[in-house]
Amino acid sequence: MRFIISPAKKMNVDTDSFAPQGLPRFLDKAETLKTYLQGLSYEECKALWKCNDQLAQLNFDRVQRMDLHRALTPALFAYEGLQYQYMAPSVFTQQELDYVQEHLRILSGFYGLLKPLDGIVPYRLEMQAKLAGFSHKTLYDYWGGALADALAAETDCIVDLASKEYSRCVQGRLPAGVRLVKVTFGQLSGGKLTEKATLAKMARGAMVRYAAEHGCQAPQQLTGFDRFGFVFDPQRSSPDHLVFVLDPDAPQAQ
């Protein structure tokens with residue numbers, strides 16, 4: 001079993017706390033993207049990233065001095081989004097860290113597929129970005145079936161905790177015999193189940209932590225997850241779609 005999660009836009013550098021245990025599998029393809037980005041002007045980068053001047057300048061400067069072999073931070077500690085905050089990798093035991101290194105994979109528009117302790121540098125490149133003047137119009141085209149094939153070589157069961165933008169890299173590309181198990185964290189409103197992005201991100205991170213704490217080896221072992229007031233709903237679930245519904249009387253997550 002492998003979990004897939006999305007990266008986060010906000011990144012940091014920490015070369016002291018944990019040492020990387022390797023380099024990304026698709027580093028050569030990341031180097032190609034780096035060369036492409038370094039050939040863009042500031043205005044072209046800003047248009048690609050769709051961000052304000054402050055973020056554009058920060059990331060443009062990063063691109064100009066980018067070295068994919070030096071000053072590396074393990075991926076799990078480089079990303080700062082909600083999913084990572086509620087996974088809380090900095091307080092993993094060694095056993096839990098070993099678990100996520102084996103079972104967790106991070107999808108990335110720039111690096112493709114990452115193990116948690118792969119050494120990376122900060123970048124900004126969302127999977128849905130459109131690449132003007134590049135060999136491929138989109139990153140979905142650039143990565144093609146490579147990420148799905150890499151995952152399929154590791155496991156026959158993938159638990160999808162990624163956003164739709166990143167799940168799209170894998171969905172419909174897996175070979176026959178490889179299960180993709182979707183997970184939904186929803187709230188009932190007017191009889192309909194809806195998923196709130198912020199709470200879902202928190203729950204996805206917490207589920208990875210739950211799996212690491214319990215050493216989960218199969219999707220059915222995740223049904224005991226009950227954090228933030230979510231409870232497994234067997235009526236709305238199927239073997240390939242685990243649905244967790246928020247208890248309206250549960251305390252709100254902080």
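# Helix 10 and its surroundings

Visitor: How many residues does helix 10 have, and how far does it reach from its first C-alpha to its last?

Guide: Helix 10 has 18 residues and reaches 26 Å from its first C-alpha to its last, close to the 26 Å expected at 1.5 Å a residue, the expected span being 1.5 Å times one less than the number of residues. Helices here are DSSP runs of H or I with at least four residues, and strands are runs of E with at least two, numbered from the N terminus. This is a predicted model, in which local features need pLDDT of at least 70 and side-chain atom pairs count only at pLDDT 80 or more, while totals for chains, interfaces and linings use all residues. Residues are numbered from 1 along each chain as its sequence is written, and side-chain values use heavy atoms, with hydrogens and water left out.

Visitor: Is helix 10 mostly covered or mostly open?

Guide: Helix 10 is mostly covered, with 13 of its 18 residues buried, where buried means under 20% relative accessible area, exposed over 50%, and partly exposed in between (1.4 Å probe, protein chains only).

Visitor: And what follows helix 10?

Guide: Glycine 215 follows helix 10, and its phi is positive, near 65°.

Visitor: At what angle do helix 6 and helix 10 pack?

Guide: Helix 6 (residues 94–103) packs against helix 10 (residues 197–214) at about 115°, with the axes 8 Å apart; axes are lines fitted to C-alpha atoms, for helices over the stretch in contact, and angles run from 0 to 180 degrees between N-to-C directions.

Visitor: What else covers the buried residues of helix 6?

Guide: Besides helix 10, the cover includes strand 1 (2–5), helix 4 (75–78) and strand 3 (104–108), and the buried residues themselves are Glu96, Leu97, Tyr99, Val100, Gln101 and His103.

Visitor: New topic, then: which residues have the most contacts inside the largest nonpolar core?

Guide: They are Tyr79, Phe110, Tyr111 and Leu125, in a core of 88 residues, defined as a set of buried Ala, Val, Leu, Ile, Met, Phe, Trp, Tyr and Cys residues joined through side-chain atoms within 4.5 Å. The largest share of this core, 9 residues, comes from helix 10. Not counting residues up to four places away in sequence, leucine 125 touches Leu33, Leu37, Leu48, Gly109, Phe110, Leu131, Leu139 and Tyr166.

Visitor: Where is leucine 113 found, and why does it count as buried?

Guide: Leucine 113 is found in strand 4 (residues 112–114), and it counts as buried because its relative accessibility is 5%. Leucine 113 lies 7.2 Å from proline 24, C-alpha to C-alpha, although 89 residues separate them in sequence.

Visitor: Which residues other than glycine have a positive phi?

Guide: Among them are alanine 71, near 50°, and phenylalanine 228, near 60°. Alanine 71 is found in the loop between helix 3 (53–64) and strand 2 (73–74), and phenylalanine 228 in the loop between helix 10 and strand 9 (230–232).

Conventions
Contact means heavy atoms within 4.5 Å.
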